[in-house]
Amino acid sequence: MPTTKRPEKKTDGETNATPQDDTPLPVDLGARIKQQRLSAGLTLAELAERAGFGKAYLSRIENGKKVPPIGTLSRIADVLGIEAAALLQAAGVRSRWRGASVVRKNEKRATVLGGSAFGYDYFALTDATDGRALQPFLFSFPAEVDKFVFFEHDGEELLHVLTGRIEWQVGMDKYILEAGDTIHFDSRMPHRGHSLSGAATALVVMYSPGKPANLA
């Protein structure tokens, strides 16, 4: 990513691209972000500035008019002092961490649908979100991405392709990944990806250093 020229304040969110469809956000994702912001005592402008994007863009996320890609959600969560996955939990649901978390395949988890030019669908794979440095998600990839948009956030990221075939870019380097392939990279570098032949899904694990190891 260091060698990639970044667009003016459009990385990780702001873009002039036209949305692909009208798929709504999960009912209360924007409301959860707003609630966490208010609890942290931050104004809309303060959170937007600290997260690195415009106030108008954050307002559209909170009002359910924009779908935040996971990189944007991660940056918002970092400023708020929580994990991105925590914003996907059902209201009032807090799992007590006892060193292990099991989520059964038939248990419902909030899904963020990519109803924007970014196109990514994703949901958290664990309900252990408080104070966890490791955050796993299941991703579905769009067939196309805006050529000016890259994502970047603190930490590291591991992507393991489950189905389909994708092109994944980190900085200036592009990789063709198929089912069974894995890439591990510094997520501070601009990155993005799209499917090459129909539907494609991947396990994406984000790691943010410095999170407290709280067993309570």
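Reply: A helix here is a DSSP run of H or I at least four residues long, with helices numbered from the N terminus. Bear in mind that the model is predicted.

Let's start with Arg 37, which sits in helix α1, residues 29-39. Is Arg 37 buried or exposed? Its relative accessible area is 7%, and buried means under 20%, so Arg 37 counts as buried. Leaving out residues up to four places away in sequence, Arg 37 touches Leu 42, Thr 43, Leu 44, Leu 47, Glu 62 and Leu 80.

Helix α2 (residues 44-51) packs against helix α3 (residues 55-62) with the axes 8 Å apart and an angle of about 110°. The range for roughly perpendicular is 65 to 115 degrees, so that is what α2 is to α3. The crossing of the two is right-handed. On the α2 side the contact is made by Leu 44, Ala 45, Leu 47 and Ala 48, and on the α3 side by Lys 55, Leu 58, Ser 59 and Glu 62. Leu 44, Leu 47 and Glu 62 are also among the residues that Arg 37 touches.

Now for the nonpolar core. The largest one has 41 residues, and Leu 73, Phe 137, Phe 141, Leu 159 and Trp 168 have the most contacts inside it. Helix α4 (residues 70-80) gives the largest share of this core, five residues. Leu 73 touches Leu 29, Ile 33, Pro 68, Ala 84, Leu 87, Leu 88 and Tyr 122, again not counting residues up to four places away in sequence.

Phe 141 and Trp 168 lead on to the rings. How many aromatic pairs does a search of the whole structure find? There are four. For Phe 141 and Trp 168, the ring centres lie 6.0 Å apart and the planes are at 80°, so this pair is edge-to-face. Phe 141 is in the loop between β3 (134-140) and β4 (156-163) and Trp 168 is in strand β5 (residues 165-170), so the pair links parts of the chain 27 residues apart. Both Phe 141 and Trp 168 are buried.

Trp 168 pairs with Phe 185 as well: centres 5.9 Å apart, planes at 50°, so that one is tilted. This pair joins strand β5 to strand β7 (residues 182-186) across 17 residues, and Phe 185 is buried too, like Trp 168.

How values were computed. Residues are numbered from 1 along each chain as its sequence is written. This is a predicted model: local features need pLDDT of at least 70, side-chain atom pairs count only at pLDDT 80 or more; totals for chains, interfaces and linings use all residues. Side-chain values use heavy atoms; hydrogens and water are left out. A nonpolar core is a set of buried Ala, Val, Leu, Ile, Met, Phe, Trp, Tyr and Cys residues joined through side-chain atoms within 4.5 Å. Buried means under 20% relative accessible area, exposed over 50%, partly exposed in between (1.4 Å probe, protein chains only). Contact means heavy atoms within 4.5 Å. Rings of Phe, Tyr and Trp (its six-membered ring) pair if their centres lie within 6.5 Å; planes under 30 degrees apart count as stacked, over 60 as edge-to-face and the rest as tilted. Axes are lines fitted to C-alpha atoms, for helices over the stretch in contact, and angles run from 0 to 180 degrees between N-to-C directions. Angles under 35 degrees count as roughly parallel, over 145 as roughly antiparallel, 65 to 115 as roughly perpendicular and the rest as oblique. A crossing is left-handed if the near helix is turned anticlockwise from the far one by less than a right angle, and right-handed if clockwise.
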